[in-house]
Amino acid sequence: RRKSRRTHSRTNTSTTMAALSAVAPVLNKAPVVSTGKAANTNSMMVWQPHGNKFFETFSLLPPLSDQEIARQVQYLLNNGWTPCIEFESAEKAYCDSHGWTGIDYNVNAGYYDNRYWVMWKLPMYGCTNPEEVLQEVRACTRAFPECFIRVAGFDNIKQVQCSSFLAHRPTNDRTFAAVNARQAGDSPMGGGGGGGGW
């Protein structure tokens, strides 16, 4: 019996070693993915790193209409987030001191590091209709037409801000620039090394 066990053990060991030392089958190489014709380089952009201010998620778009704002507010409500309206003067709305982290806000839209805006009234707990938010945005705009106004969405469970977008720009604001005006160098798409909003 002992001899039989030893023989079985040796057989298992040699089988395992043979399996481990076997050469893995050679797989077919993945096809090389082409980026297309060289002409596609004309559609690439180099982001202007200086004076290229932007705010929040949709600030690269033209000002949102009431209908577009309502759709975004509905998105907040569908996610169970509480809308909150905030405003700030043009001089203080954009924090360019980088705060204690040293993170460059030119490339981190929506990042909060010593960048708080004034709250318009209280967060809109229990809000179920985007029109309620639009009414408050209009009231805030009438009271502070020369301020930036944004709508934020807060998750009351996680205790964090989950979304934010501009709902109003001051009439004399010059920070807005379309995406193709925020690139450096010459390109068929435009831009021509413009300052990107300044």
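**Cysteines, sheet and helices**

Guide: The count of disulfides, pairs of cysteine sulfur atoms within 2.5 Å, is 0. This is a predicted model, in which local features need pLDDT of at least 70 and side-chain atom pairs count only at pLDDT 80 or more, whereas totals for chains, interfaces and linings use all residues. Residues are numbered from 1 along each chain as its sequence is written, and side-chain values use heavy atoms, leaving out hydrogens and water.

C140 is buried, at 0% relative accessible area; buried means under 20%, exposed over 50% and partly exposed in between, with a 1.4 Å probe and protein chains only. C127 is also buried, at 9%.

Helices (H or I, at least four residues) and strands (E, at least two) are DSSP runs numbered from the N terminus, and strands pair if DSSP finds at least two bridges between them. Four strands form an open antiparallel sheet in the order β3-β2-β4-β5. Its edge strands, pairing on one side only, are β3 (118-120) and β5 (160-168). Within the sheet, β2 (residues 82-89) and β4 (residues 147-155) are joined by 8 bridges; E88 has F148 in β4 as its bridge partner.

Helix α2 packs on this sheet and touches β2, β4 and β5, contact meaning heavy atoms within 4.5 Å. I69 belongs to α2 (residues 66-78) and is buried, at 2% relative accessibility. Beyond its neighbours within four places in sequence, I69 contacts L64, L134, F165 and A167. F165 lies 96 residues from I69 in sequence, yet their C-alpha atoms are 8.9 Å apart.

Key. Axes fitted to C-alpha atoms, helices over the stretch in contact; angles between N-to-C directions.
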